[in-house]
Amino acid sequence: MDRMVLNEANLTNAVLVRSVLTRSDLGGAIIEGADFSDAVIDLLQKQALCKYASGTNPVTGVSTRKSLGCGNSRRNAYGSPSSPLLSAPPQQLLDRDGFCDPATGLCDAS
C-alpha cells in the first residue's frame, strides 16, 4: 500500500499488521478499530492519525491507538518489520494460526 491515496477510506476494524503505508495519504480515513501493529507509516501521517484514533480491533484485540504507538515518546515504540525482535504479532494471531506450542507457550513465527 506504498504511496496510496486513501483519503476518506473506510478502514473500520481493518487488520493492517505489518503493512507498508509509506508516503500514503490517509487524510480523513475512518480508522476506528483498525490494527496498525508493526505497520510502516510516515511519522507525520502517524501523528495525524493519532489525533482521532479510537477503538479496538475485534480480531486481534489490539487498540488502534496502541497499534499506532500514540502517546509514546519513542518513535518506533512497538518495533517495525525490520526489527522483529522488538515486537511480535499479537498473541491472538499466533494462536489462531497455530504457531504457538500450548505446552511451553513459545511461539515460532518462521
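Modeller: A helix here is a DSSP run of H or I with at least four residues, and helices are numbered from the N terminus. Keep that in mind for this predicted model.

Biologist: Which pattern does the protein follow along the sequence?

Modeller: The pattern reads α-α-α. The protein has three helices and zero strands. Helix α1 covers residues 43-50, α2 covers 64-68 and α3 covers 91-97.

Biologist: How should I read confidence? Which element has the lowest mean pLDDT, and which the highest?

Modeller: Begin with the whole chain. The mean pLDDT of the protein is 78, and 65% of the residues reach 70 or more. Then go element by element. Helix α2 has the highest mean, at 94. Helix α3 has the lowest, at 49. One stretch needs its own mention: over residues 75-89 the pLDDT is below 50. In the model, that stretch still has 22 contacts beyond near neighbours in sequence.

Biologist: What share of the residues is buried?

Modeller: Of the 110 residues, 35% count as buried. The accessible surface comes to about 6,600 Å². Carbon and sulfur atoms account for 52% of that surface. For contact range, take pairs at least 6 apart in sequence: 31% of those contacts join residues at least 24 apart.

Biologist: Now the disulfide. Which cysteines does it join?

Modeller: The general idea first. A disulfide is a covalent bond between the sulfur atoms of two cysteines. This structure holds one. The disulfide joins cysteine 50 to cysteine 70, with S to S at 2.0 Å. Cysteine 50 sits in helix α1, and cysteine 70 in the loop between α2 and α3. The pair is 20 residues apart and links distant parts of the chain.

Biologist: Is the link of cysteine 50 and cysteine 70 left-handed or right-handed? And are the two cysteines buried or exposed?

Modeller: The link is left-handed, with -90° about the S-S bond. Both cysteine 50 and cysteine 70 are buried.

Biologist: On to the nonpolar core. Which of its residues touch the most other members?

Modeller: Again, the general idea first. In soluble globular proteins, nonpolar side chains tend to be buried together. Here the largest nonpolar core has 18 residues. Leu11, Leu21, Leu26, Ile31, Phe36, Ile41 and Leu68 touch the most other members.

Biologist: Take phenylalanine 36. Which residues is it in contact with, leaving aside neighbours within four places in sequence?

Modeller: Phenylalanine 36 contacts Leu16, Leu21, Ile31, Ile41, Thr64, Ser67 and Leu68.

Biologist: Start with isoleucine 41. Where is it found?

Modeller: Isoleucine 41 is in the segment before α1. Its relative accessible area is 10%, so it counts as buried. Beyond four places in sequence, isoleucine 41 contacts Leu21, Phe36, Lys46 and Leu68.

Biologist: And threonine 64: buried or exposed?

Modeller: Buried, because its relative accessibility is 0%. Threonine 64 is found in helix α2. A polar atom of the threonine 64 side chain lies 2.8 Å from the backbone oxygen of alanine 34. Setting aside neighbours within four places in sequence, threonine 64 contacts Ile31, Glu32, Gly33, Ala34, Phe36, Ala53, Ser54 and Gly55.

Biologist: How far apart are isoleucine 41 and serine 24, in sequence and in space?

Modeller: They are 17 residues apart in sequence and 8.0 Å apart in space, C-alpha to C-alpha. Serine 24 is also found in the segment before α1. With a relative accessible area of 6%, serine 24 is buried.

Biologist: Which backbone nitrogen does the side chain of serine 24 reach?

Modeller: That of arginine 3, at 3.3 Å. Not counting residues up to four places away in sequence, serine 24 touches Met1, Asp2, Arg3, Met4, Asp42 and Gln45.

Biologist: Last, the backbone angles. What is phi of arginine 18, and what is phi of arginine 23?

Modeller: The background is simple. Most residues other than glycine have a negative phi. Arginine 18 has a positive phi, near 60°. Arginine 23 has a positive phi as well, near 60°.

How values were computed. Residues numbered from 1 in each chain as written. Predicted model: local features only at pLDDT ≥ 70, side-chain atom pairs only at ≥ 80, totals over all residues. Heavy atoms only, no water. Disulfide = S-S within 2.5 Å. Helix = DSSP H or I, 4+ residues; strand = E, 2+ residues; numbered from the N terminus. Buried < 20%, exposed > 50% of the residue type's maximum accessible area, 1.4 Å probe, protein only. Contact = heavy atoms within 4.5 Å. Areas by Shrake-Rupley, 256 points an atom, 1.4 Å probe, with all protein chains shown as cover. Core = buried A, V, L, I, M, F, W, Y, C linked by side-chain atoms within 4.5 Å. pLDDT = per-residue confidence, 0-100. Polar contact = N/O pair within 3.5 Å; in protein donor to acceptor, adjacent residues only side chain to side chain.
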